[in-house]
Amino acid sequence: MNLAKETWQEMLPKIETEVTTIAFDLWIKTLEPLDVEDDKLILLAPTETSRDTINRTLRPIITRILTSINPLLSDITLLIPSEVEEMGGDLAEMIEKFTLDGISKSPSIFDEVKLRWLNGEYVKALSDEEF
């Protein structure tokens with residue numbers, strides 16, 4: 001497991017005790033640890049709204065817990081999928097970083113909101129001719 005994932009897994013239970021269940025389920029559980037860069041933990045937020053809400057309301061809690069777990073890390077950077085693609089994230093790199101850590105045995109839940117968001121991202125990526 002890489003440093004970002006290890007740090008994030010250690011942070012989750014502490015964050016869960018400091019935010020409401022709704023905030024944890026809606027905003028925190030949807031974040032994916034990507035990397036550690038300089039003194040920042042890089043997290044992937046599923047949507048721009050999610051990123052903005054976390055930056056506005058939960059960032060102080062997350063950064064405080066981050067520094068308590070790893071004093072060498074002092075901040076977070078929240079990215080959305082389109083920003084990761086712009087930074088040159090490619091499929092081979094994602095496959096290399098993929099692990100089964102954090103995958104539960106409980107059944108999956110159909111999430112229509114996430115489906116609509118994902119479909120919107122796909123449509124935005126289409127060229128005029130493809131659309």
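1. Let's start with V36, which lies in strand β1. This is a predicted model, so keep in mind that every value here is computed from it. V36 has a relative accessible area of 22%, so it counts as partly exposed. The cut-off for buried is under 20%. Look at what V36 touches once you skip residues up to four places away in sequence: L3, A4, L41 and L73.

2. D38 sits in the loop between β1 (32–37) and β2. With a relative accessible area of 75%, D38 is exposed.

3. Now step back to the whole chain. The protein chain has 6 helices and 3 strands. Read from the N terminus on, the order of elements is α-α-β-β-α-β-α-α-α. How much of the chain is buried? Of the 131 residues in the protein chain, 29% are buried. Take the contacts between residues at least 6 apart in sequence: 65% of them join residues at least 24 apart.

4. Next, the pair of helices α1 and α3. Helix α1 covers residues 3–18 and helix α3 covers residues 48–69; their axes come within 10 Å and cross at roughly 130°. That angle is why α1 and α3 are described as oblique to each other. Which hand does the crossing have, left or right? Where α1 passes α3, the crossing is right-handed.

5. You can trace the contact between these two helices residue by residue. On the α1 side there are T7, W8, E10, M11, K14, I15 and E18, and on the α3 side they meet I61, I62, R64, I65, L66 and I69. Sorted by class, the contact has 8 nonpolar, 1 polar and 4 charged residues.

6. Some of those names come back in the largest nonpolar core. This core has 24 residues, and the ones that touch the most other members are W8, M11, I15, I28, L41, L58 and I62. Two or more residues each come from α1, α2 (21–28), β2 (40–44), α3 and β3 (75–79). Which element gives the largest share of the core? That is α3, with 7 residues. As background, nonpolar side chains in soluble globular proteins tend to be buried together.

7. L58 is worth a click of its own. L58 is among the core residues that touch the most other members. Setting aside neighbours within four places in sequence, L58 is in contact with V19, W27, I28 and T53. One of these, I28, is also on that list of core residues with the most contacts to other members.

8. Stay in helix α3 for S50. Is S50 buried or exposed? Its relative accessibility is 3%, so S50 counts as buried. Leaving out neighbours within four places in sequence, S50 is in contact with W27, T30 and A45.

9. T63 comes out at 15% relative accessibility, so T63 counts as buried. Which residues does T63 contact, apart from neighbours within four places in sequence? They are S74, D75 and I76. T63 also pairs up with K40: the two are 23 residues apart along the chain, and their C-alpha atoms are separated by 9.4 Å.

10. Finally, jump to L118 in helix α6 (residues 112–125). Its relative accessible area is 51%, so L118 is exposed. How many residues apart in sequence are L118 and P46? They are 72 residues apart in sequence, yet 9.0 Å apart in space, C-alpha to C-alpha.

Definitions and conventions: Residues numbered from 1 in each chain as written. Predicted model: local features only at pLDDT ≥ 70, side-chain atom pairs only at ≥ 80, totals over all residues. Heavy atoms only, no water. Axes fitted to C-alpha atoms, helices over the stretch in contact; angles between N-to-C directions. Helix = DSSP H or I, 4+ residues; strand = E, 2+ residues; numbered from the N terminus. Parallel < 35°, antiparallel > 145°, perpendicular 65-115°, else oblique. Left-handed = near helix turned anticlockwise from the far one by under 90°. Contact = heavy atoms within 4.5 Å. Nonpolar A, V, L, I, M, F, W, Y, C, P; charged D, E, K, R; others polar. Core = buried A, V, L, I, M, F, W, Y, C linked by side-chain atoms within 4.5 Å. Buried < 20%, exposed > 50% of the residue type's maximum accessible area, 1.4 Å probe, protein only.
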